[in-house]
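Please open the structure in your viewer and keep the selection panel at hand, as this tour goes from one selection to the next.

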Amino acid sequence: MTQPRKPEAEVDPQFLDRWSPRALRPDPLTREQVASLFEAARWAPSCFNEQPWRLVYGLAGEPEHDRLAGLLVPANQAWAARAPLLLIFFARRNFTHNDKPNRTAAFDVGSAWMSLALEARRLGLYAHGMAGFDVQRSYSELGVDPDQFEALAAVAVGALADPATLPEPLRAREAPSDRNPQSSFAFHGRFPGA
């Protein structure tokens, strides 16, 4: 990291160490690394233990990787296509036990995403989540029923590369970002001005 992040309170360093670089090496991941990433997602918490997350993934050198890279917007393709692992997270829209809408599904998938991202760091890798992908095409090209599942985010995973491997406009942005202060989002008792 070019400039260490400064927490406002004591926190485990894993949270400061996790960031979303775009410069990722194309070095292949091992089966064990991929299994560990998915195992971390597996143990994320969820409402009623529903585990509504589903992901479709592809590894570099496979047609599945190319298909996923082709779903990314061009700005993300420019860097993420080099990543050895690409995936898209989906959320099951309804509970399996009663088929009623699961309003916390996206929240739960976010837990699985964070678990995967933190496990990536433990493995010496980085995970970069992206909203920039063709949601509508992801359903048809990945065989996902849009009535049953919602496409939420694409993710690229790999080891950190030299920022010089990025297209010129992205190089200057290749550093961990800071965060808003706690006072901007944590309100005691009620929203300010309410």
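Begin with helix 3 and helix 6, whose crossing is right-handed (the near helix is turned clockwise from the far one by less than a right angle; helices are DSSP runs of H or I with at least four residues, strands are runs of E with at least two, and both are numbered from the N terminus). This is a predicted model, in which local features need pLDDT of at least 70 and side-chain atom pairs count only at pLDDT 80 or more, while totals for chains, interfaces and linings use all residues. Residues are numbered from 1 along each chain as its sequence is written, and side-chain values use heavy atoms, with hydrogens and water left out.

Select residues 63–71 for helix 3 and residues 135–142 for helix 6: they pack at an angle of about 160°, with their axes 9 Å apart (axes are lines fitted to C-alpha atoms over the stretch in contact, and angles run from 0 to 180 degrees between N-to-C directions). That angle is why helix 3 counts as roughly antiparallel to helix 6, a term for angles over 145 degrees. Next, show the side chains of Arg67, Leu68, Gly70 and Leu71 in helix 3, which meet Arg137, Ser138, Glu141 and Leu142 in helix 6, where contact means heavy atoms within 4.5 Å. The residues of this contact divide into three nonpolar, two polar and three charged (Ala, Val, Leu, Ile, Met, Phe, Trp, Tyr, Cys and Pro count as nonpolar, Asp, Glu, Lys and Arg as charged, and the others, Gly among them, as polar).

Strand 2 (residues 85–92) gives the most to the lining, with three residues, and the lining divides into six nonpolar, no polar and no charged.

Finally, move to helix 2 (residues 31–42) and helix 5 (residues 105–122), whose axes come within 7 Å and cross at roughly 145°. Helix 2 passes helix 5 in a right-handed crossing.

Note on methods:
Parallel < 35°, antiparallel > 145°, perpendicular 65-115°, else oblique.
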